[in-house]
Amino acid sequence: MEKKLFFSALMFFTLILISPIYGYTLSDTNFTVVTGSGGDITSLKLTGDTYPTEYVLNGSSQKTRIGQILFTYRLGNGTWTKAATSASSDAMTQEQDGKTITVTYQNSTASQGIKNFKLVETYSLNNGYLSWEMSITNTAEQDIEFGDIGFPLPFNQTWPGNEVIYETHCLKHSFVANNASYIYVLRPSGIGPFLLLTPDPATDAGLEYQDIGTYYIHSNRIKSTGRGYLPNTSLTLAPNQTKVYAFKFFKVASMDALKEKLYAENLIDFNVVPGMIVPTNMTAKFDLHTTNTIDSVTAQYPQETAIAPLGTTPADHKLYRVKFNRLGQNNITVYYAAGRKTVLQYWIIAPVDSAIQQHAAFMTEKQVSAPGKVYDKAFDDWNMDTKSTRNLWDGYWGWGDDWGYPHGEFLAEKNVYFPVASEVTALDHYLKTTIWDNLMDGHHTDFLIHDFIQDPPPNTQPVYRGYAYPHIYNTFFSMYKIAKLYPDLITYTQPRDTLLFRAGSIFKALYSSGVSYNWDTGLMGEQTNPEIIKALQDAGFASLASTLTSYMTRKYNNIKNTPYPYGSEYSFDNTGEEGCYTVAKMNNNTDIMQKVVNKSLACRGSAPVWYYYIDPTTTCGETWWNFQYTTALAGYCLDDWARNYSTTPEKDLRLAYATKIACIAYINSGQIDADPENIGASAWTYQAQLGTRAIGERAGLGDGNLHNGWWPLTGESDLGLFGALRIISADVSNDPVFGLLGYGCEVTENGTRYVIIPRDGLFKRLNMVSLKMSLVLEQDQYDSAVIGAAKEYIEFNLKNVKTTAHATKVSIKGLNPGTYHVMVDGVNADTFTASVDSVSDVVINLGTNALYNVRIQTATSAMGKNKRRFFSRRLIINRCGNGYMMRLLPFDPQAAPLLLRIFNSKGRLVTTLDDIKNGTFVWRPTGSRLPPGVYIARVTRHKEIAVTGQLLPVK
């Protein structure tokens, strides 16, 4: 008994002695927090969490911890001195009082210890949050200037080789933007709850600088590294003056809950469309959802930026429209609450179609010409440092893999949509010479792919790397589509069925013995697999199609039985998302599809800074390897889910659409490098961790000078551009915040119909997202469209890309069930029946005209309210003396007399032409003028109610 009492007493006094050394514990229904002997946080968990996730990194050899603070300061105008809490153990005391832990640093004798000022840190559990407060007092006899005040935030972003990382580890997303900054940390699976860190608006806390894992309240000294995005500040305190900064940690259940918390905490919840990377021909909008008064909104380049307020909704959504004309970084600074500010950082690019064509032409011009060499006709990496091709063909780490093969993959897919004879000829030579004759020499029966090309031959490089295969089979498949759609464009050296067979055979070889990363791994570019299988079936390759179908079934079963099937050659990665989603979709497994989408969104930033917004975080962390090709390739998953499966498609579309155009930022239209020799090149990746040099993981690949933050080599960028081409579209949404909204298009409402002008750059896909309705043109384009809100009417102006007589296919989904008439230039051309959830393929026979007007309507859909009759006509205007000669085509005498209303480019009525009795007439206006050209006009029968609509100029 005495021994027990002695032992108990010993333990009691031991605990008293040890507690100040090893720290304390705070716990409530939201958090369990442990501090260490240094006064920093050594453990942070969410109480009642779904999984036992440790949110802070806490290794024995770790040098930085949450709660440590770094200073650079000087007394008066003296020399700058560094100080850190981690160097001040001799001057640190720590104590706990209930729900508060207080750590004090003062009068350290260490070389970089805290002296001349006093620091008091407190961690306290309040009503629903963990408060972290820093109180700084000048204890010197003269002013003290803090050039830097920063703190590391080493969250548990480590990726050991097992699936448990999706339950026990986390990743971080940052918004460094002064007073409205925030950081959130969540599991890569996307399963909540998760952690949110915000400034306490009761103090002047905020973030203005990020350097890898360290965040700065003030950064006027570290800015010398040249790595900042925002203006830098310092803090000056007079003797005995104190400054307090505070931050709050919250436990939030979901991204919606995070946004609600920002609003509730008197910060700003941001919504942006179409994203933070915006072409000059698109209009952006942003929403400042806040209780605060907005004092002003200013542009970094006011002479090249137009900002207009759009009003405030009853729910405190303060809406703005902005149009940019300057390429590259563009900041919008918001001043609010009489002294606070925040910054939205945009990146502005050239119009999508011009950028894509610019890059394709550049690639074609730089195609390698080396007759007799194994790399003859290849498309090589371009180096913006040397302004030349990389020119490495000696095998391992040379031309091949993901940074060599995707060049042709992009160019082939581009020419499916924008065929250019010289580019298709270059592709034809590339597939015949570089790939088939040289890379695949000796593999014309087994269709295996070497990971790299090798000069001189024979090629002894491995064929095991499954990632290489889709790049090659997708290039063959895209070339097959080109040859099928444009058989007379060039003289092809390989028949189109041969191209298709080779694509399918390489697809099959991917699952051969000796090839890795196949049966259990999602690969880049696998979204084409179901299309290839169908094309093989349609072309008569039934046996090959059947084999590939069975392979996809086996792969699906492997993925279906894996809890987290997202890995690749790395334990944590984003490259597997696209392939997992594809096989799940082929098998109608929406549970797996939803998991992939949740995982993909968890890994992507959502704060309004362009280098993080919709940008996947990889094993490299948040500040390096920005805009990996997965941005667009796995963007296919987000886009498909938002349009076809989501219960909140309008909200989900905000992030999904940004994936479509983000990778166009790779293309240098002058915003990356102004040197004329580099215009049209593309950059491998962006590096948010700025500086002067790229941080490459292998010599010769990533290393080199940064060009406005971008790596100098083409690298894997064409893989992202291939993915972008696959999903670019114009999308229309009735957004719960912004109202009627066009992504990649301008949209107006005209009675019960929507008028759309595409700006997306492809002009082939139109998605009416809220209506669950879509329109896809196989080979031609449209320059305007009118869609009935009741899903009973479609009208569009079809641009004849081919310019020769041909049959074009238009695929339509979402029309109301029923029988529809197809009218081409007012003439009934066809009839088809639409059914629920089916795609109607409408074939339209075209002549040689550049433009055709197509209407798809039911027998009664032309009769609207008041029995109005609509007619769409081409109006050709030429000058004629002091007036205009006008031709209305086609002209139907049975429809005369007609009333025609003409509007100017701003949609304002110019004039009304009445009593038109023939198709050619002269107009002598007394007011506004219209330039000569071809227009689409809306006309009605005389003396009936006229349709008010825009006059749509043909481009």
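Asn383 is found in strand S26, residues 382-383, where strands are DSSP runs of E with at least two residues and helices are runs of H or I with at least four, numbered from the N terminus. Asn383 is buried, with a relative accessible area of 16%; buried means under 20%, exposed over 50%, and partly exposed in between, with a 1.4 Å probe and protein chains only. Leaving aside residues up to four places away in sequence, Asn383 touches Ser388, Asn678, Pro712 and Leu713, a contact being heavy atoms within 4.5 Å.

This is a predicted model, in which local features need pLDDT of at least 70 and side-chain atom pairs count only at pLDDT 80 or more, while totals for chains, interfaces and linings use all residues. Residues are numbered from 1 along each chain as its sequence is written, and side-chain values use heavy atoms, with hydrogens and water left out.

Salt bridges, defined by a side-chain nitrogen of Lys or Arg within 4 Å of a carboxyl oxygen of Asp or Glu, come to a count of 31. In one of them Arg187 pairs with Asp49, their closest N and O atoms being 2.9 Å apart; the two residues stand 138 residues apart, Arg187 in the loop between S12 and strand S13 and Asp49 in the loop between strand S3 and strand S4. Both Arg187 and Asp49 are buried.

Arg726 forms a salt bridge with Glu531 at 2.4 Å between the closest N and O atoms, linking helix H17 to helix H10. Here Arg726 is buried, with a relative accessible area of 13%, whereas Glu531 is partly exposed at 32%.
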